[in-house]
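The following exercises concern one protein chain.

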Amino acid sequence: ILSDCVWIDPATGHRLPTREAALAAKYSAIVSPYREWGRKQQDAVDFRSIVLPDSDRIDRAEARRLGELIFPGGGDELLEFIQLSIDQKPFRV
């Protein structure tokens with residue numbers, strides 16, 4: 001996931017994750033059994049703030065691919081979280 005980025009300044013090495021990589025990273029934190037509940041709630045807010053402004057620009061196939069790297073079946077669940085965000089419904093965590 002960390003290799004999926006957009007180079008902002010190759011000279012300095014400054015880069016940002018792609019939208020799909022950022023969503024996969026936040027999703028991973030939300031579903032992690034080791035993450036504190038309060039932190040998961042912030043991750044959920046962050047996830048929604050990534051989805052809502054540009055939901056039509058999210059590459060669903062790429063998001064699914066990255067979700068599958070987290071765990072088998074994670075790709076479909078990540079897509080479900082994206083849709084729940086768009087529909088403004090709660091996540092199942």
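**Exercise 1.** What percentage of the 93 residues of the protein count as buried?

*Solution.* The model is predicted: local features need pLDDT of at least 70, side-chain atom pairs count only at pLDDT 80 or more, and totals for chains, interfaces and linings use all residues. Residues are numbered from 1 along each chain as its sequence is written, and side-chain values use heavy atoms, with hydrogens and water left out. Buried residues (under 20% relative accessible area, 1.4 Å probe, protein chains only) make up 34% of the 93.

**Exercise 2.** Identify the residues with the most contacts inside the largest nonpolar core.

*Solution.* Such a core joins buried Ala, Val, Leu, Ile, Met, Phe, Trp, Tyr and Cys residues through side-chain atoms within 4.5 Å.
1. The largest one has 16 residues, and F47, I82 and F91 have the most contacts inside it.
2. Helices (DSSP runs of H or I, at least four residues, numbered from the N terminus) α1, α2 (37-51), α3 and α4 (74-86) each supply at least two core residues.
3. With five residues, α1 gives the most.
4. Leaving aside residues up to four places away in sequence, F47 touches (heavy atoms within 4.5 Å) several residues, including L23, I30, L78 and F91.

**Exercise 3.** Describe the packing of α1 against α3.

*Solution.* 
1. Helix α1 (residues 19-31) packs on helix α3 (residues 60-70) at about 35°, the axes being 9 Å apart. Axes are lines fitted to C-alpha atoms over the stretch in contact, and angles run from 0 to 180 degrees between N-to-C directions.
2. E20, A21, A24, Y27 and S28 in α1 meet E62, A63, L66 and I70 in α3.

Notes
Buried < 20%, exposed > 50% of the residue type's maximum accessible area, 1.4 Å probe, protein only.
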